[in-house]
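Trainee: Before we go through the labels one by one, could you show me what we are looking at?

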Amino acid sequence: MSNQPGRPAARPSINLRGAVDLSALAASRPAAPATAGGASAGGSAPVIDVTEADFVVEVVQRSTTVPVVVDFWASWCGPCKQLSPLLERLAVEYGGRFLLAKVDVDANPQLQAAFQVQSIPTVFAVLKGQPVPLFAGAQPEPQVRQVLEEVLRVAQANGVTGVYTPAGGEASEDEDVEAPLPPLHQKAYDAIESGDYQAAVAAYEQALRESPADDLARVGLAQVKLLQRTDGVDVNAARTAAADRPLDVEAQILVADIDLLGGHVEDAFARLVDTVRAASGAERDRARSHLLELFDVVGPDDPRVGKARLALANALF
């Protein structure tokens, strides 16, 4: 991918939860097993099964270069058995112009909650880390094709024109071969891949001790801490607590993290700006500091960051 931490390249305009580049690792993983919802996600097919543990790597990060279509399904769902094979067949037919990521909602309830999936099958697109709802329920093939064509049109308009190639990650015509990553960055990515967020934090912190000016390590650290904070969180309970305790800074921070995870960047920023406005003293500074950390996660070039910085300044002064 063209925006890999550890080299001086511009970051993608949207950089959500854990949006660190793991394409080298993803490319070397074995092919996904057959999917229970329909056809086998074979070694050459642009179809993968994703979980809460690897969603960031396989969907959020990949979506900066290739459109990702996310199919929420379950083995007991009748309509899923109609839609999933259709989506898999079309993913193959389109030749990797989009990646189909399948999410078993029974095994991944946090993803279901984060996307606010009320019924299955439900289908989203993810472009540059931003989730876009497409449709719910089994749909006829002509309608599905029409939706996919619109996804590809919007993706092209936003510069997401890569092609998924299982043997080598995403590729585009103008993409150069990238150099190996610094050892500590690679160590952090390996740790994220295995779900060991504490080890990833330690690797990034060591990188910063050795090179305090390593901006990409600083950003990677902020991103993996977001993963760590939201790991295993009961999303519904967190939202209820925040609603019941509007002046509880930690409760508001947790929901802001969840919002960022789900792609609701502006909601996350607005929640913390409101928290800064309502709080005082150390709690106000805690909310402000956390908002600044989320700015790092999303990236300074994202226009929503600039807008939220102005709102934060107004809240402070």
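Mentor: Start with a definition: a crossing is left-handed if the near helix is turned anticlockwise from the far one by less than a right angle, and right-handed if clockwise. H11 passes H12 in a left-handed crossing. This is a predicted model, in which local features need pLDDT of at least 70 and side-chain atom pairs pLDDT 80 or more, while totals for chains, interfaces and linings use all residues. Residues are numbered from 1 along each chain, and side-chain values use heavy atoms, with hydrogens and water left out.

Trainee: Why are H11 and H12 called roughly antiparallel?

Mentor: Helix H11 (residues 265-278) and helix H12 (residues 281-298) pack at an angle of about 160°, with their axes 8 Å apart. Angles over 145 degrees count as roughly antiparallel, under 35 as roughly parallel, 65 to 115 as roughly perpendicular and the rest as oblique, and H11 and H12 are therefore roughly antiparallel.

Trainee: What makes H10 roughly parallel to H12?

Mentor: Helix H10 (residues 249-261) and H12 pack at an angle of about 10°, with their axes 10 Å apart. That angle makes H10 roughly parallel to H12.

Trainee: How do you know that Cys77 and Cys80 form a disulfide?

Mentor: The sulfur atoms of Cys77 and Cys80 lie 2.4 Å apart, and a disulfide is a pair of cysteine sulfur atoms within 2.5 Å, so Cys77 and Cys80 form a disulfide. A search of the whole structure finds one disulfide.

Trainee: Why is the disulfide of Cys77 and Cys80 called right-handed?

Mentor: The torsion about the S-S bond is about 85°, so the disulfide is right-handed.

Key:
Axes fitted to C-alpha atoms, helices over the stretch in contact; angles between N-to-C directions. Helix = DSSP H or I, 4+ residues; strand = E, 2+ residues; numbered from the N terminus.
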